[in-house]
Amino acid sequence: MTTAPEHPPTPAWFDISTPDAPRAHRFYRDLFDWPIDVLDATYARIGGAAGGEPIGGIGQSGPGSPYTGIVVYFRVADVAQALDKAEKLGGRRRMEPRAVPGQGRIAVFDDPDGNPVGLLGD
């Protein structure tokens, strides 16, 4: 029998990767009244409610982008371990673990149906 983790992974962040980031900034700002904090020409953070912590981001996709579309990142204790487990269960590695300043490490895999899923943690 498998024991459930004390704190199961929950959605922690989302990214919208798009070929036209400025258009996406305007669209989501106007649709949801999200504050958009443009960091540079390739990435913007989406502010939380009432000026709280950022809840996600909008990135510029291009030829080398690991994905286009929306990816939900789940918080896990160990990104590399969770990525290995996803592969053993039939997932496919899409983006190798990498450090993100102030966030820890991230990685992306495809589930058995081809849906991209993000991991965020140490």
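In the predicted model, F109 stands opposite V117 in strand β8. This pair belongs to the pairing of β7 (residues 104-110) with β8, which is antiparallel and runs over six bridges. Five residues lie between the two strands of this hairpin. Among them, G114 takes a positive phi near 90 degrees.

Strand β8 also pairs with β5 (residues 69-76). Here the sense is parallel, and the pairing covers four bridges. V76 stands opposite G121 of β8. Strand β8 itself spans residues 116-121, and five of its six residues are buried. The strand is therefore largely enclosed by the rest of the structure.

Overall, the protein has two helices and eight strands. Along the sequence these elements follow the pattern β-α-β-β-β-β-α-β-β-β. Of the contacts between residues at least 6 apart in sequence, 50% join residues at least 24 apart.

The radius of gyration is 15 Å. A compact globule of 122 residues would have a value near 14 Å, so the two agree. The C-alpha trace spans about 50 × 35 × 25 Å along its principal axes. Buried residues make up 32% of the 122 in the protein. The accessible surface comes to about 7,700 Å², and carbon and sulfur atoms account for 55% of this area.

Mean pLDDT is 89 for the protein, with 91% of residues at 70 or more. Confidence is highest in helix α2 (residues 79-88), at a mean of 97, and lowest in strand β2 (residues 36-38), at 92. Where pLDDT is low, the predicted coordinates should not be read in detail.

Note on methods:
Residues numbered from 1 in each chain as written. Predicted model: local features only at pLDDT ≥ 70, side-chain atom pairs only at ≥ 80, totals over all residues. Heavy atoms only, no water. pLDDT = per-residue confidence, 0-100. Buried < 20%, exposed > 50% of the residue type's maximum accessible area, 1.4 Å probe, protein only. Pairing = 2+ DSSP bridges. Rg over C-alpha atoms; globule rule 2.2 N^0.38 Å. Contact = heavy atoms within 4.5 Å. Areas by Shrake-Rupley, 256 points an atom, 1.4 Å probe, with all protein chains shown as cover.
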